[in-house]
Amino acid sequence: MLGPFRASHVNLGGLVWKTPWKLSCTRKANQRARLKNVDAVIDAVRASGVKCGALDRALQLPTEQEMPAKDKYTVFSPHMPGYRKGIHKVPKWTRLTLRVNPKGF
Amino acid sequence: MLSTHFKITLRRSAISLGDRKKDTLKSLGLHRRMQTVYHCHSPDIAGKILFVKELLEVENVPEELVRTKQQQRQDRMGARGYQVVGEKRIAEW
């Protein structure tokens, strides 16, 4: 198995960049921090006293404190067994708000 | 002190989030990360902030603390020149 033609995942055309099926503790902590940052932005706009439709909709979102762990780290997916997949499978998930999932799933 | 302005800092870029989000940042006057702009409290600004809420850091500030671009630059710069804080003398001479 030595030499230039040794078998490796790259040579065999295998999957090299593996996405773990669940988030690590650190990535979960980072996710919570991001959720809190978004909460802080919504709270700052609310504290300004401005009234607008976007604010009403933003206040409907559950805060990081109110969210169950299931919603923080996974999202609804119709294709997965159990109807859930890791939130890190969603493209751009660190810059999107994916807080609300279908009721009952 | 009654706050009248939003202090908005772009913390995360809108790369590949689509033109609507990119253009929203542009209309807020944000062109690069860590840039800070100030806007009056108004519903249209609030709506824009909430549209890109994942990318920003927002604070409410009173009018006295609103800084222009030049003032922000001045704040970052150190004082010019130098100050003599002491003199080294040889006392025995």
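Good morning. Chain A and chain B bury about 1,600 Å² between them, and 68% of that area lies on carbon and sulfur atoms. The model I am presenting is a predicted one. As background, the accessible area lost when parts come together is often used to state the size of an interface.

Let us begin with the side that chain A contributes. Which three residues supply more of the area that chain A buries against chain B than any other three? They are V41(A), V50(A) and R95(A), which together supply 39% of it. The contact takes 20 residues from chain A and 21 residues from chain B. Helix 1 (25–47) and helix 2 (53–60) of chain A each provide at least two residues of the side that touches chain B. Helix 1 of chain A gives the most, with seven residues. By type, the residues on this side of chain A divide into 13 nonpolar, three polar and four charged.

How many salt bridges does the rule find across the interface of chain A and chain B? It finds zero. Six residue pairs, however, are in polar contact across that interface.

I now turn to R95(A), in the segment after strand 2 (84–86) of chain A. R95(A) is buried yet has no salt bridge. The nearest side chain of opposite charge, that of E54(B), is 8.7 Å away, whereas a salt bridge requires the nitrogen and the carboxyl oxygen to lie within 4 Å. What does lie close to the polar atoms of this side chain is backbone: the oxygen of S13(B) is 2.6 Å from one such atom, and the oxygen of I15(B) is 3.0 Å from a polar atom of the R95(A) side chain. The contacts of R95(A) also include R12(B), A14(B) and L17(B).

In chain A, the side chains of D43(A) and R46(A) meet in one, at 2.8 Å from N to O. These two residues are three apart in helix 1 of chain A, and so are separated by about one helical turn. R84(A) forms another with D71(A), at 3.1 Å between the closest N and O atoms. This pair links strand 2 and helix 3 (residues 69–73) of chain A, and both residues are buried.

In chain B, R11(B) forms a salt bridge with E57(B), with the closest N and O atoms 2.4 Å apart. R11(B) lies in a loop and E57(B) in strand 3 of chain B, so the pair ties together parts that are 46 residues apart in sequence. Finally, K21(B), K53(B) and E54(B) are linked in a network of salt bridges. Thank you.

Notes: Residues numbered from 1 in each chain as written. Chains lettered and ligands numbered in written order. Predicted model: local features only at pLDDT ≥ 70, side-chain atom pairs only at ≥ 80, totals over all residues. Heavy atoms only, no water. Helix = DSSP H or I, 4+ residues; strand = E, 2+ residues; numbered from the N terminus. Buried < 20%, exposed > 50% of the residue type's maximum accessible area, 1.4 Å probe, protein only. Lys, Arg positive; Asp, Glu negative; His and termini not counted. Polar contact = N/O pair within 3.5 Å; in protein donor to acceptor, adjacent residues only side chain to side chain. Contact = heavy atoms within 4.5 Å. Buried area = accessible area lost by both parts, 1.4 Å probe. Nonpolar A, V, L, I, M, F, W, Y, C, P; charged D, E, K, R; others polar. Lists of a residue's contacts leave out its neighbours within four places in sequence.
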